[in-house]
Amino acid sequence: EAFNANVAAADALNAFLVKTPDHALAAADAADAARAAGDAPKPLAGVPIGMKDLFCTTGVATTAASHILEGFVPPYESTVSQNLWDAGAGMLGKLNMDQFAMGSSNETSAFGNVISPWRRNDGGNAALAPGGSSGGSSSAVAARLCPGATGTDTGGSIRQPAAFTGISGIKPTYGRCSRWGTIAFASSLDQAGPMARDVRDCAIMLGAMAGFDRKDATSLQLDVPAWEAGLSANLTGKRIGIPKEYRVDGMPAEIEALWQQGIDWLRDAGAEIVEVSLPHTTYALPAYYIIAPAEASSNLARYDGVRYGLRDLPEGAGLQDMYAATRADGFGDEVKRRIMIGTYVLSAGFYDAYYTQAQKVRTLIARDFERAWEQCDLLLTPTAPSAAFGLGEKSDDPIAMYLNDVFTVPSSLAGLPAMSVPGGLDHQGLPLGLQIIGRPLDEQGVLNASLAIE
Ligand code: GLN
């Protein structure tokens, strides 16, 4: 009933691509039955979760918000979704997103943009971007359509939409969550994580999603810590680094004020604040926008009209024509842009100039962080350089869109855990996020500092 009451709201936001209320109801029934039988409750017993449409779900259409996967119904379940069901959760539906997770506003979806439930306090009703690529997830959680949703983060796609919609989201250390059954964008960067109303819910959900998986060669063979039990907002003895290179030119005064507010909150929680330097920060964005498209162009080669979803087979056409027609028709503009950039930087003549160079920069960025960890335990930065922008405001300008990822991309390149937590509102009444970045595997530290801010 609660679900049905929410359907109209969900439709207005365009957050859901597929609704699966029966799946969620079955989980609720199982939770009731377990309670009646006196069984110990599972961590997510009966909780209805929204799944980003990048996760393959058995028998439920999965599209990555692209026409090229139209008609694809996976015969298998992603490890992350299976882990959630094993923890007692149920699926409310598949959530809209940027096509193949490429974007920062959810406007590259083949199924229309998602609308944020937020409005500016100027009396107008201008529709705002929910962030991206996990924009269906952020919008659904912010609108209270579900208590939690999965996201994936390649260069910020959990953290930036969380910041834009006033919710929390954590990208764990690369390798914590299995990538098996999650449609690949850039394999060396992709990580799943939870998006929820608060830090505690994120800790609970992440605990269910994470874990070693022999089906993913980059999965970390480690036990999942008891993150929820370890939550504490007392930061005594922790050193928080403020990376001076993140104070970028033209940073709006209210973002700076938010950052200062975050510093004060962490100091009040017992932390010591130190200034640190991450000298190669300015090269992170260009390196990311070489490496991510390179990996994407390779990963997306499999969509050829033969194996999955869409097939355009013009009358009398040969195999090459089928490939060309299917890919021309099936991929959106941003996906094509990335494939072209990726194939270009990987081509024999330019490989060393672009791809090899970007990989070297990636190593320098990882070393910047390693050096910073000699002086501090965690880092505090803003999540994004602005509050949510209006739909259509940046959609014709890819570079302006890419610049939105300036604070989230470095920690992605280094594979570090990072979380966005609501920090306050801007002058338009829109939410702003603060980001905590941690050492490899220190999700607990990241969650605890976020809790101190919340
Ligand atoms: N906005 C970034 C991009 O378009 C990040 C996307 C993501 O993290 N999936 O690549």
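Colleague: Where is Phe-212 found?
Modeller: In this predicted model, Phe-212 belongs to the loop between α6 (199-209) and β7 (239-243).

Colleague: Why does Phe-212 count as partly exposed?
Modeller: A residue with 20 or more other C-beta atoms within 10 Å is buried, and one with 12 or fewer is exposed. Phe-212 has 15 such neighbours, so it falls in between and counts as partly exposed.

Colleague: Which residues does Phe-212 touch, not counting residues up to four places away in sequence?
Modeller: The contacts of Phe-212 are Ser-219, Leu-220, Gln-221 and Leu-222. A separation of 40 Å, in contrast, lies between the C-alpha atoms of Phe-212 and Ala-325, which are 113 residues apart along the chain.

Colleague: How far apart in space are Leu-258 and Leu-434?
Modeller: From C-alpha to C-alpha they are 7.8 Å apart, although 176 residues separate them in sequence. Leu-258 sits in helix α7 (residues 253-268). Beyond four places in sequence, Leu-258 touches Pro-382, Gly-423, Gly-424, Leu-432 and Leu-434.

Colleague: What makes Leu-258 count as buried?
Modeller: The count for Leu-258 is 21 C-beta neighbours inside 10 Å. Buried requires 20 or more, so Leu-258 qualifies.

Colleague: Where does UniProt place the feature "active site"?
Modeller: The record, an unreviewed entry, puts this feature at Lys-52, Ser-133 and Ser-157. These residues are spread over 106 residues of sequence, yet they cluster in space, with a largest C-alpha distance of 11.1 Å.

Colleague: Why does Ser-133 count as buried?
Modeller: Ser-133 has 35 C-beta neighbours inside 10 Å, and the cut-off is 20 or more, so it is buried. Its place is in the loop between β3 (90-95) and α4 (135-142). Ser-133 touches Met-97, Asp-98, Ala-101, Met-102, Gly-103, Asn-106 and Ser-157, with residues up to four places away in sequence left out.

Colleague: What kind of peptide bond joins Gly-132 and Ser-133?
Modeller: The bond between Gly-132 and Ser-133 is cis, with omega about 5 degrees.

Colleague: Is Ser-157 buried or exposed?
Modeller: Ser-157 has 37 C-beta neighbours inside 10 Å, which meets the requirement of 20 or more, so it is buried. The loop between β4 (148-153) and α5 (159-165) holds Ser-157. Setting aside neighbours within four places in sequence, Ser-157 has contacts that include Ala-101 and Ser-133.

Colleague: Which residues are the closest to the ligand?
Modeller: Ala-101, Ser-104, Thr-154, Gly-155 and Ser-157 are the closest of the 13 residues that surround the ligand. The shell divides into four nonpolar, seven polar and two charged residues.

Colleague: What is the value of phi for Ala-101?
Modeller: Phi of Ala-101 is near 70 degrees, which is a positive value in a residue other than glycine. Ala-101 lies in the loop between β3 and α4.

Colleague: Why does Arg-144 count as exposed?
Modeller: Exposed means 12 or fewer neighbours, and Arg-144 has 11 C-beta neighbours inside 10 Å, so it counts as exposed. Arg-144 is in the loop between α4 and β4. Its phi is also positive, near 65 degrees, and it is a residue other than glycine.

Colleague: How many of the residues of α4 are buried?
Modeller: Eight of its eight residues are buried, and α4 is mostly covered. Among them are Gly-135, Ser-137, Ala-140 and Val-141. Arg-144, with its positive phi of about 65 degrees, comes just after α4.

Colleague: Which residues of the largest nonpolar core touch the most other members?
Modeller: They are Ile-49, Met-209, Tyr-288 and Ala-449, in a core of 126 residues. Helix α8 (residues 284-299) gives the most to this core, with 10 residues.

Colleague: Which residues does Ala-449 touch, not counting residues up to four places away in sequence?
Modeller: Ala-449 is in contact with Leu-235, Ile-240, Leu-266, Leu-378 and Ile-436.

Notes. Residues are numbered from 1 along each chain as its sequence is written. This is a predicted model: local features need pLDDT of at least 70, side-chain atom pairs count only at pLDDT 80 or more; totals for chains, interfaces and linings use all residues. UniProt positions are given in the numbering used here, feature names are shortened, and annotations may be inferred rather than shown by experiment. Helices (H or I, at least four residues) and strands (E, at least two) are DSSP runs, numbered from the N terminus. Two residues are in contact if their C-beta atoms, placed from the backbone, lie within 7 Å. A residue is near a molecule or strand if its C-beta atom, placed from the backbone, lies within 6 Å of it. Ala, Val, Leu, Ile, Met, Phe, Trp, Tyr, Cys and Pro count as nonpolar, Asp, Glu, Lys and Arg as charged, and the others, Gly among them, as polar. A nonpolar core is a set of buried Ala, Val, Leu, Ile, Met, Phe, Trp, Tyr and Cys residues joined through C-beta atoms within 7 Å.
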